[in-house]
Amino acid sequence: MGINWNLSNEAGNSLTTADRNIPWLQDTLESNVRRLWGVTYRDVVILDSLNRPINPPFNLTANDLSSAATRELLKKRLRDAARFVDSDDDGIGDDWEERFFGDLASGDADDPDLDEGSNFFEYALGSKPDSPEDLARLAAEFVTIENDDLFSLRFRRRLGEAGGLNYEIQRSGNGEDWENVGDLFTLSRKTGTYDGSGTEEVVFVAPASSGGPFLFRVNITRLSR
Ligand SMILES: [Ca+2]
Ligand SMILES: [Ca+2]
Ligand SMILES: [Ca+2]
């Protein structure tokens, strides 16, 4: 995203993002984000998952992006900012624990908001562990897309190295024996939620006429590290 910091002066906006189709913000006299953020001209400010600036900013005058090595350096900074960190090894990203609980004391099986969703469950599916009104669900429905009758599964999954998790669609004929059936499904939609949950919403579909009846679930496990 580009920011034109010429306060309330839109001249030069086409230069801000070099005529590319990238969103930009116009700083204004009222907001004066430029002063608020304490940035200098051509700073790229990278935020961590808790919206804290990672210092120092990546300045594009000091770091010329026409050089491939500099582009790699910027990519590395961005990847590092999205890295999955789990120092107490409970399968839940530390940033998520710190955001909701202020520390790492709450465990993966705990359910402090008493909504019957464990912390692990709420972390994996992007709901709030401190709000009983907010509990993620797996949404299943039959849909018709371009004359194809489909069975669709919709859920949220974590961004940023998938939050250290693996999501596997499974089915069962009897509710006891489950098999991985990810191969039957295709990803039909992927939408960023941009709600601070660190998740994206995905919709997987499979042909509706595949025998059955079957039970379906998404089996979420920790990636071995
Ligand atoms: Ca953790
Ligand atoms: Ca809960
Ligand atoms: Ca909750």
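Tutor: Start with strands: two of them pair if DSSP finds at least two bridges between them. Strands here are DSSP runs (E, at least two residues), numbered from the N terminus. This is a predicted model, where local features need pLDDT of at least 70, side-chain atom pairs count only at pLDDT 80 or more, and totals for chains, interfaces and linings use all residues. Residues are numbered from 1 along each chain, ligands from 1 in the order in which they are written, and side-chain values use heavy atoms, without hydrogens and water.

Student: Which residue is the bridge partner of E141 in strand 6?

Tutor: S152. Strand 5 (residues 139–145) runs antiparallel to strand 6 (residues 148–158), and seven bridges pair them. Two residues lie between these strands in the hairpin, and E146 has a positive phi near 50°.

Student: How many bridges join strand 6 to strand 10?

Tutor: Nine, again antiparallel, with strand 10 spanning residues 199–207. R157 stands opposite E200 in strand 10.

Student: What coordinates the calcium ion (ligand 2)?

Tutor: First, the idea. Donors are N, O and S atoms within 2.8 Å of the metal (3.2 Å for Na, K and Ca); water is not among the atoms, so sites may look incomplete. Here D111, D113, D115, G117 and E122 coordinate the ion at 2.1 to 2.3 Å. D113 also coordinates the calcium ion (ligand 3), 4.1 Å from ligand 2.

Student: Is E122 buried or exposed?

Tutor: Buried means under 20% relative accessible area, exposed over 50%, partly exposed in between (1.4 Å probe, protein chains only). E122 has 0%, so E122 is buried. G117 is buried too, at 2%.

Definitions and conventions:
Helix = DSSP H or I, 4+ residues; strand = E, 2+ residues; numbered from the N terminus.
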